[in-house]
Amino acid sequence: MPNSLIPEPSDRSLLRRFRAGEQEAATRLYLRYAQRLHGLAIAQTGSDLQTRMDPDDIVQSVFRTFFRRAQEGHYQVPDGEELWKLFLVIGLNKIRDAAAYHRASKRDVSRTTSLDADQSSIQPVANDEVAENSLRMVIEELLTSLSESQKDIVILRLEGAQVEEIAAQTKRSHRTVERTLQKFRELLRLQIDDVPHLSKAPDVPKGSE
Amino acid sequence: MSRGHESIFGELEDIIETFEEARATGQTVHISDFLPDRHDPLFLDVLQELVRIELEYRFRSGTSVA
């Protein structure tokens with residue numbers, strides 16, 4: 001059978017194989033997403049930052065973070081889903097952090113560039129919208145790994161419902177609602193550990209628990 | 001009790017979810033039916049959590065805890 005007729009393994013399967021110690025699975029994931037990440041790194045930085053930020057460094061950093069956290073068991077890929085959204089979130093945040101770092105050092109060592117020019121070098125990552133979108137994507141990604149009732153609990157809370165209401169609607173005890181929200185907050189915190197600027201974004205609101 | 005696929009929140013939550021789901025569908029539940037083996041490291045944690053949940057339900061419904 002020609003190789004081209006053999007279906008490519010899914011991301012879910014590659015992640016499972018990587019966790020089982022198969023380096024080949026890590027290589028395949030790298031080959032599958034490195035180029036897209038490289039393109040993302042180029043697209044998200046302006047011309048002056050491109051001379052200071054190497055897109056390859058961003059790609060390497062994304063994969064280092066991904067493989068380390070995957071090894072720790074942090075990521076889940078539902079059937080039929082891709083890891084791209086996750087790489088996108090990690091990538092955007094690496095770019096944003098690197099851009100902030102370079103922008104700060106640029107201000108220190110040279111005052112010849114105007115503030116406007118400086119800010120224009122970081123295209124869409126220079127506003128809160130990206131942080132919010134990233135946070136939303138992380139939350140959506142996490143929600144896919146929850147059971148239906150856990151998902152309902154978190155969504156209702158995000159919509160502003162109180163523990164009492166959530167318990168009644170989901171037919172769960174208050175204790176379970178509070179415990180689920182607590183666990184979700186912990187999980188969310190772990191997921192955004194690598195992206196410090198996201199930690200300032202709104203968390204799942206705490207209720208009366 | 002058989003152990004199925006473990007969710008991202010871990011096995012303790014899976015057991016509690018099974019218990020809650022059974023209660024939500026109006027089944028008569030007995031905590032002992034949901035406990036792992038007595039020697040299981042999760043035994044005490046599951047027992048403690050299920051007792052707390054059961055007490056909450058009974059307290060709210062005015063049912064005796066005896």
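Setting aside neighbours within four places in sequence, Glu20(B) is in contact (heavy atoms within 4.5 Å) with Lys171(A), Arg172(A), Ser173(A), Thr176(A), Ile53(B) and Tyr57(B). Glu20(B) sits in helix H1 (residues 11–24) of chain B. Helices are DSSP runs of H or I, at least four residues, numbered from the N terminus.

This is a predicted model; local features need pLDDT of at least 70, side-chain atom pairs need 80 or more, and totals for chains, interfaces and linings use all residues. Residues are numbered from 1 along each chain, chains are lettered from A in the order written, and side-chain values use heavy atoms, without hydrogens or water.

Glu20(B) is buried (under 20% relative accessible area, 1.4 Å probe), yet has no salt bridge. A salt bridge puts a side-chain nitrogen of Lys or Arg within 4 Å of a carboxyl oxygen of Asp or Glu. A polar contact is a pair of N or O atoms within 3.5 Å, one able to donate a hydrogen and the other to accept it; residues adjacent in sequence count only if both atoms are side-chain atoms.

| Side-chain pair | Relation | Distance |
|---|---|---|
| Glu20(B) and Ser173(A) | polar contact | 2.6 Å |
| Arg179(A) and Glu49(B) | salt bridge, N to O | 2.9 Å |
| Glu20(B) and Arg172(A) | nearest opposite charge, no salt bridge | 4.8 Å |

Now the whole interface. Helix H8 (148–158) and helix H10 (174–191) of chain A each give two or more residues to the side that touches chain B. The largest share of that side, 8 residues, comes from H10(A).

Conventions:
Buried means under 20% relative accessible area, exposed over 50%, partly exposed in between (1.4 Å probe, protein chains only). Lys and Arg count as positive and Asp and Glu as negative; His and the chain ends are not counted.
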